[in-house]
Amino acid sequence: YQHIDEVNTGTMERPLEATSMENSTSSCFLMERRTRVKINRKEVMLAKLRKSCSCTPKKLKNFVMDFLPVLRWLPKYQCKEYIWGDVMSGLVIGIILVPQAIAYSLLAGLKPIYSLYTSFFANIIYFLMGTSRHVSVGIFSLISLMVGQVVDRELLLAGFDLNDDAPSAWGDGSLQNDSQSNSTAFNLTVAGMNAECGKECYAIGIATALTFVAGVYQVLMGIFRLGFVSMYLSESVLDGFATGASLTILTAQVKYLIGIKIPRSQGHGMLVITWINIFRNISQANFCDVITSAICIMVLVTAKELGDRYKHKLKFPLPTELVVIVVATLVSHYGKLNEVYASSVSGAIPTGFIPPKVPHFNLMLRVAVDALPLAVVSFVFTVSLSEMCAKKYAYTIRANQEMFAVGFCNIIPSFFHSFATSAALAKTLVKTSTGCQTQVSGVISAMVVLLVLLFLAPLFYSLQKCVLACIIIVSLRGALRKFQDVPARYHVNKVDTLIWVVTMSASALISTEIGLLVGIVFSMLCIVVRTQRPRTTLLGQIPNTSFYEDDLEYENLSSVPKVKIFRFEAPLYYANRNYFLKSLYRLTNLDPNLEAARRKKYEKEKQHLKKGDHKTANGLGMRETTLQLVPKQNDFQALVVDCSSISFLDTTGVNTLKEILKDYKDLNISVLLACCNPSVTDSLKRGGYFGKDCGSMQEMLFYSIHNAVPFKTIIFKNYCCVTGFILW
C-alpha cells in the first residue's frame with residue numbers, strides 16, 4: 001500500500017517524488033516530497049525595501065526606542081526592588097574601576113586621565129544603548145594592550161622616544177594650560193598634523209583615531225547584519241588569544257615590577273626580545289620597586305584567594321586594589337620614595353575635562369587596518385558576555401543592538417580623549433555577584449569615576465608604577481590559569497587543544513593581531529582537514545534488530561550475507577573525493593577499476609588460447625598466465641552506502657557516486673543509497689544519478705539501511721534461483 005502526506009497546495013500539480021521503504025512483510029511506503037513554491041526574490045526584496053523606507057509615527061517611535069533601549073525599560077524600573085542592588089554593585093564596580101583605569105593606562109601607553117575618561121563615558125553610553133543588564137563595559141586589558149601596541153608603533157614612526165619619562169607639564173594639576181602642556185620641543189608634520197604636538201598629544205591622537213574607526217566598523221557591522229563574523233571565533237581561539245595576550249601583558253609589566261628602564265619592543269617577537277632585555281638589565285633593578293612589588297603581589301593574591309574561597313559568605317568582594325593603592329600612595333608620598341630611591345611614580349593627574357576634539361582624519365587612514373581586529377575582538381567579548389548573563393538570568397538581548405552599543409561606546413568617547421572599550425569578564429562577574437539588577441548600576445559606577453575626575457585625581461601623584469603593574473598582573477590570574485586546564489581540554493578534544501596552543505603561541509610570540517588571525521585560519525583548516533579525512537567504516541547488524549553499527553567499535557555484530565554497508569561521516573565534495581574512493585576500495589577489499597582491468601585481460605588471454613597461441617607477450621605460458629588472471633570471486637553482490645552523515649554533495653560528489661554506480665555495475669554489484677537527507681537527494685536528482693525522469697529512484701534510494709538490505713537480499717535470492725535453474 002502507499003501512504004501519501006497530504007499537503008494543501010491548491011490546484012498546483014505535484015510530481016511524485018518518493019523514497020522507497022521496504023520491510024520484512026513486503027509492504028511499501030512512498031513518502032512524497034512537498035512541492036516548493038517558487039519565490040520571486042525580486043518582489044520580496046522590493047517589498048522589504050518599501051517597508052524599511054516607509055516612515056510612520058509608530059515606526060519612528062519604535063526605531064527610537066530600539067536604538068535607545070533605556071526608553072523601554074527605565075519607565076518600568078521597580079525602584080524598591082532594584083535600587084539597592086544597583087547602587088551596591090555600581091559602587092563596588094566604581095571602586096574597582098578607578099585603580100584598574102589608572103593601571104591599564106600603562107598598557108595603552110597613555111596618561112591615567114584618559115583611562116578615567118574612557119571608564120566614565122563608556123558606562124553612560126552603555127546605560128542608554130545596551131540591552132544586557134549585567135555586563136560591565138569599560139576598559140579591558142586585552143583591548144588596552146591592542147591600543148597600546150598601535151600607539152607605540154606610530155610614536156616610533158613619528159620619531160618619538162618611547163622611553164621618554166620627562167616630567168609632565170600639567171602644572172598644578174588643572175587643565176587650563178592644556179595647550180601649553182601638550183606642546184614640547186617637537187615641531188611635527190606627521191600624518192597631516194601641521195601643528196606643534198608633543199608625545200602625549202600625538203599618542204592620544206592616535207588612540208582616539210583608532211577608537212573612532214573601530215567604532216565605525218562596529219556600527220557598519222550592525223547596519224549590514226555582520227554579527228555572524230563572531231561565529232568564526234571559537235571558544236578555543238578566544239581562550240588561546242586571551243592567554244597569549246596575557247603573556248604579552250605580563251611581559252610588558254615586568255620592567256615596572258623591578259624598576260628597570262629598557263626600550264619598549266615593537267613588532268613581531270616582542271615577548272622574546274623584551275625578556276632578553278630584562279635579563280640584560282636585571283642588575284639595574286630598583287630594590288625599592290622590587291620590595292614594593294613583592295609585598296603588593298603577596299597581599300593581592302592572598303586577598304583574591306581568600307575572596308574566591310569565601311565568596312559565598314561575602315556580600316560583596318573586598319576592594320583590595322583600592323586599599324593597596326591608597327596605602328601604597330601614602331607610603332610613597334610620606335616616605336618620598338621617588339626622591340630618595342628614584343622609584344617611578346604616576347605623576348600629576350589633572351582634574352576636570354579636556355575640551356572635545358574631532359579625531360584627525362589622516363591618522364584614521366594610518367590605523368584603519370589596525371582598527372578591524374580591535375573592533376571584532378571588542379564586539380565578540382561584549383556579545384559573548386551579554387549572552388552568558390542573559391542565559392543565566394533568563395532574559396534576552398539583541399546582539400545587533402549590542403554591536404551598535406559598543407560601537408557608539410567607541411565613537412562618541414573618541415571625541416572626548418578616550419580609547420577603545422569592551423565588556424570585561426572579571427568586572428561583569430563582580431557585578432552579578434553584588435546584586436546588580438539593571439543598567440542603572442553603570443550610572444552609579446560612572447558617578448564614582450566622575451568624583452575621582454573632578455576632585456580626587458591629583459591625590460594619586462605619588463602612586464608607584466610598580467603598584468599598578470602588580471594590579472595588572474594579578475588581574476591576569478584567570479587567563480593564566482588556562483594552562484592548568486590543558487590536560488582536561490586535551491582529554492575532551494585534542495583538535496581544540498591544538499587550536500588553543502597554536503593561537504596562544506602565535507599571539508604571544510608574534511603579535512596579538514596576527515595571533516588572532518592565525519587562530520581563525522588554523523581553526524578553519526582543522527575543519528577542512530576533518531572533512532577531508534573523516535571517519536569511514538563498514539557496518540554490521542545488531543542481532544535481532546533493525547540497527548547497524550560500526551564493526552570496529554562494537555563486538556558481536558552480524559554481517560549481512562553478500563552485502564557490504566559503507567558509512568562516510570562527512571559531506572562528499574571535491575576535497576575528499578579521493579579519500580572517499582580509497583576508503584571504499586580498502587574496506588570492501590575490491591577496487592572495481594583494477595578488477596575490471598583484470599577481467600578484460602583474462603578475456604583477452606582466453607581469446608589467444610582459443611587461437612592456439614600458447615605463449616603470451618611476457619613469455620609466460622598460457623596456463624600460468626591464465627592462473628594469474630583468474631577473476632576474483634566477489635564476496636558481496638550489493639553495496640549499501642549509508643548517507644546519514646553526508647550533509648551535502650557538490651558536483652564532484654554527485655559524479656563520484658555516479659562513477660562508483662557505473663564501476664560496480666560492470667562487476668554485477670548493485671549500489672544502493674540509504675538515509676539521504678532532502679538536500680542530498682535533490683543534488684542526486686539534478687545530477688542525473690537516478691536516470692532519466694528518476695525512473696529507477698525507488699530501486700536505488702531507501703529511507704533506512706534496514707529497508708535497503710532485505711530489498712537486495714530478495715533480489716539476490718531470486719537471481720540465484722534463476723541462475724541455478726538455467727544451469728540445471
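# A guided tour of the predicted model

Begin by selecting helix 12 (residues 320-335) and helix 18 (residues 465-474), which pack at an angle of about 170 degrees with their axes 10 Å apart. Helices (H or I, at least four residues) and strands (E, at least two) are DSSP runs, numbered from the N terminus. Axes are lines fitted to C-alpha atoms, for helices over the stretch in contact, and angles run from 0 to 180 degrees between N-to-C directions.

This is a predicted model, in which local features need pLDDT of at least 70 and side-chain atom pairs count only at pLDDT 80 or more, while totals for chains, interfaces and linings use all residues. Residues are numbered from 1 along each chain as its sequence is written, and side-chain values use heavy atoms, with hydrogens and water left out.

## The helix pair

Keep the two helices in view. Helix 12 and helix 18 are therefore roughly antiparallel to each other; angles under 35 degrees count as roughly parallel, over 145 as roughly antiparallel, 65 to 115 as roughly perpendicular and the rest as oblique.

Now display the side chains between them. From helix 12, Glu 321, Val 324, Ile 325 and Ala 328 meet Val 467, Leu 468 and Ile 471 of helix 18. Contact here means heavy atoms within 4.5 Å. By class, this contact of helix 12 with helix 18 has 6 nonpolar, no polar and 1 charged residues. In that scheme, Ala, Val, Leu, Ile, Met, Phe, Trp, Tyr, Cys and Pro count as nonpolar, Asp, Glu, Lys and Arg as charged, and the others, Gly among them, as polar.

Next, select Leu 337, which lies in helix 13 (residues 337-341). At 11% relative accessibility, Leu 337 counts as buried: buried means under 20% relative accessible area, exposed over 50%, and partly exposed in between (1.4 Å probe, protein chains only). Leaving aside neighbours within four places in sequence, Leu 337 is in contact with Cys 288, Val 331, Ser 332, Ala 342, Ser 343 and Gln 464. Select Ser 462 as well: Leu 337 and Ser 462 are 125 residues apart in sequence, and their C-alpha atoms are 8.4 Å apart in space.

One of the contacts of Leu 337 is Ala 342, found in the loop between helix 13 and helix 14 (361-393). Ala 342 is exposed, with a relative accessible area of 57%. The phi of Ala 342 is near 60 degrees, a positive value in a residue other than glycine.

## The annotated segments

For "transmembrane region", an unreviewed UniProt entry lists several segments, including residues 404-426 and 500-529. UniProt positions are given in the numbering used here, feature names are shortened, and annotations may be inferred rather than shown by experiment. Select residues 404-426, where the chain is 57% helix and 9% strand and the end C-alpha atoms are 23 Å apart. Then select residues 500-529, where the chain is 93% helix and 0% strand and the end C-alpha atoms are 17 Å apart.

Focus on Thr 503, found in helix 21 (residues 494-509). Thr 503 is buried, with a relative accessible area of 0%. Beyond neighbours within four places in sequence, Thr 503 is in contact with Val 237, Gly 240, Phe 241, Gly 515 and Gly 519.

## Asn 668 and the whole chain

Select Asn 668, in the loop between helix 26 (651-666) and strand 11 (670-674). Asn 668 is exposed, with a relative accessible area of 57%, and its phi is near 60 degrees.

Finally, display the entire chain, which has 29 helices and 12 strands. Buried residues make up 49% of its 728 residues.
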